[in-house]
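Hello,

Here is the structure I promised to pass on to you. Have a look at it first, and then read on for my notes on what turned up.

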Amino acid sequence: MPAPDLETIVSLCKRRGFIFPAAELYGGFANTYDYGPLGVELKRNIRDAWWRAMVRERDDVVGLDAALITHPRVWVASGHVATFNDPLVDCKKCQQRWRLDHLLEGDYGPVKRDAAGNPLCPNDGGELTEPRQFNLMFKTQIGTVADDSAIAYLPPETAQGIFINFENVVNSMRRKLPFGIAQTRVSFRNEITPGKFVFRTLEFEQMEMEYFCFPPKDRENPAEYLELHQQWIAARLAWYRDTLGIEASRLRIRNHEKAELSHYSAGTADIEYLFPWGWGELEGIAARTDFDLTAHGNESGHPITYFDEETHQHVVPWVIEPAAGLTRTLAVTLLDAYTEEPDEKGEKRVVLKFRPNVAPVKIAVLPLSKNEALRPLARKIYDMLRTSWMTQYDETQSIGRRYRRQDEIGTPVCITVDFQSVGEGGNTGDDAVTLRDRDTQEQVRIPVANLMAALRERLPGC
Ligand code: GAP
């Protein structure tokens with residue numbers, strides 16, 4: 001069972017140190033959030049899992065970390081200065097955003113209207129906000145002179161930093177087509193729609209990869225290129241399901257209608273998740289053709305090409321782009337892991353059933369009580385484990401309440417040190433501890449000498 005509603009997750013996130021509303025001290029700041037000690041670990045783990053799948057485990061993808069603030073002409077070439085400037089309306093009910101001009105032209109299907117003749121949301125007939133001429137890019141100013149020559153933009157996506165470094169990567173890394181360049185980074189969009197927690201925020205992190213391939217033989221019928229697009233769609237869907245453990249029935253692929261396609265795209269498929277409010281985008285996988293490399297070649301006056309050693313010709317590569325939102329994926333990971341079930345007393349037990357690889361805390365070391373006799377062994381185990389795994393030590397409150405707390409933050413394994421471990425009343429201890437499994441609540445006794453091996457088995461990929 002996933003979280004029943006967003007409020008449940010928002011409250012858990014604040015209570016347990018995952019995510020805090022930003023600047024609460026000053027009354028808050030719309031659509032911005034701060035990541036707390038557990039949120040930052042969760043985010044890092046998801047980012048690492050993506051990097052591992054997209055870069056380390058492949059021999060055809062390399063990484064990049066391009067400057068955030070870059071030449072403003074990059075955003076002219078990419079089309080963002082011109083095309084992020086549309087009359088936008090949002091549905092007050094399902095939050096979907098529409099271009100009003102497209103909507104009135106019937107590009108989204110027959111126009112629905114209310115009694116007063118105002119257009120309604122094509123998706124669910126909800127009321128729409130007033131249209132606004134709106135460029136989603138944040139402007140900033142470099143230097144001390146406040147004129148147009150000093151304007152720069154905060155990046156609304158990571159992709160352009162990759163395109164403008166294409167030649168640098170080919171030349172320095174001796175890359176042959178096909179190959180990809182991956183980047184994870186913060187992006188900024190001046191979002192007008194209330195954000196549904198970290199689903200839509202002003203600043204967010206993206207995980208994007210541009211996969212460059214030979215141009216198709218037939219531009220009008222690029223069969224091999226579309227096949228590559230399909231392969232990436234399948235690979236990315238499998239990553240959410242198999243690596244993050246997201247329930248397959250709450251994931252789906254949605255192909256964009258022609259009218260919806262971004263200015264650069266010959267085809268886009270979204271991976272969507274079934275949020276408490278309905279299906280929503282998690283990742284877009286776009287067939288960007290040669291749009292970006294050609295555009296930067298034209299704008300800069302320096303054509304960006306690849307020398308094909310077989311044909312001895314310069315070609316402009318085509319691109320497939322899997323573009324994921326890290327912070328949105330984090331929201332999905334939380335929602336999907338949330339479980340309520342009765343405990344042995346029939347009371348509600350809340351568990352975040354994270355896969356161990358994403359769990360922010362992997363192990364909790366819990367002496368049975370605050371008794372001095374238990375502390376040395378418990379601290380020794382804690383010191384031994386925390387250099388290998390994110391480990392917490394907690395000796396406050398009853399053991400039952402501490403188990404509940406660890407369940408609620410998704411810790412896969414708890415280790416309990418008790419009097420049997422250390423001995424009492426003149427008896428020597430058995431130098432063994434209890435391992436408790438978060439999901440089954442099963443407890444097994446393990447000698448301290450075997451602890452590392454037992455944990456390695458229980459924490460795959462950590
Ligand atoms: N380079 C292509 C690109 O940026 P996109 O579909 O606009 O494509 C990719 O963004 C992903 O980034 C989305 O699927 C979503 O997960 C995430 N994303 C976009 N805008 C966001 C926002 N305002 N807040 C959080 N995540 C966002």
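**Around Asp407**

Asp407 touches Arg349, Val350, Val351, Leu352, Arg436 and Arg438, leaving out residues up to four places away in sequence. Before I go further, please keep in mind that this is a predicted model. Asp407 sits in helix α12. Is its place buried or exposed? Asp407 is buried, at a relative accessible area of 0%. Its side chain makes a polar contact of 3.1 Å with the side chain of Arg436.

Thr411 belongs to the loop that runs between α12 (399-409) and β21 (413-417). Its relative accessible area is 0%, so Thr411 counts as buried, the cut-off being under 20%. Which side chain does Thr411 meet in a polar contact of 2.6 Å? The partner is the side chain of Gln406. With neighbours within four places in sequence set aside, the residues in contact with Thr411 are Val361, Lys362, Ile363, Ala364, Gln406 and Arg438. Arg438 therefore turns up in both lists, as a contact of Asp407 and as a contact of Thr411, where contact means heavy atoms within 4.5 Å.

**The nonpolar cores**

In soluble globular proteins, nonpolar side chains tend to be buried together. Here, the largest nonpolar core holds 57 residues, and the members that touch the most others are Phe18, Tyr240, Leu334 and Phe354. For Leu334, the residues touched are Ile9, Cys13, Phe18, Ile19, Leu42, Leu352 and Phe354, again not counting residues up to four places away in sequence. There is also a second, separate core of 20 residues, with Ile363, Ile446, Leu451 and Leu459 among them.

**Backbone points to check**

Most residues other than glycine have a negative phi, and most peptide bonds are trans.

- The peptide bond from Leu177 to Pro178 is cis, and its omega is near -5°. Pro178 is placed in the loop between α7 (166-173) and β9 (179-188).
- Gln95, which is not a glycine, has a positive phi near 70°. Gln95 lies in the loop between β4 (85-90) and β5 (97-99), and at 14% relative accessibility it counts as buried.
- Gln441, also not a glycine, has a positive phi of about 65°. Gln441 is in the loop between β22 (432-437) and β23 (443-447) and is partly exposed, with a relative accessible area of 23%.

**The chain as a whole**

How many helices and strands does the secondary structure of the chain come to? The count is 14 helices and 23 strands. The C-alpha trace spans about 85 × 65 × 50 Å along its principal axes. Of the 462 residues in the chain, 50% are buried. Taking contacts between residues at least 6 apart in sequence, 66% join residues at least 24 apart. The accessible surface is about 22,000 Å², and carbon and sulfur atoms account for 50% of that. As for charge, there are 55 positive and 67 negative side chains, and the centres of the two sets are 5 Å apart.

Happy to talk any of this through.

Best wishes

Terms used:
Residues are numbered from 1 along each chain as its sequence is written. This is a predicted model: local features need pLDDT of at least 70, side-chain atom pairs count only at pLDDT 80 or more; totals for chains, interfaces and linings use all residues. Side-chain values use heavy atoms; hydrogens and water are left out. A nonpolar core is a set of buried Ala, Val, Leu, Ile, Met, Phe, Trp, Tyr and Cys residues joined through side-chain atoms within 4.5 Å. Buried means under 20% relative accessible area, exposed over 50%, partly exposed in between (1.4 Å probe, protein chains only). Helices (H or I, at least four residues) and strands (E, at least two) are DSSP runs, numbered from the N terminus. A polar contact is a pair of N or O atoms within 3.5 Å; within protein, one must be able to donate a hydrogen and the other to accept it, and residues adjacent in sequence count only if both atoms are side-chain atoms. Accessible areas come from the Shrake-Rupley method with a 1.4 Å probe; for residues, only the protein chains shown count as cover. Lys and Arg count as positive and Asp and Glu as negative; His and the chain ends are not counted. The place of a charge is taken as NZ of Lys, CZ of Arg, CG of Asp or CD of Glu.
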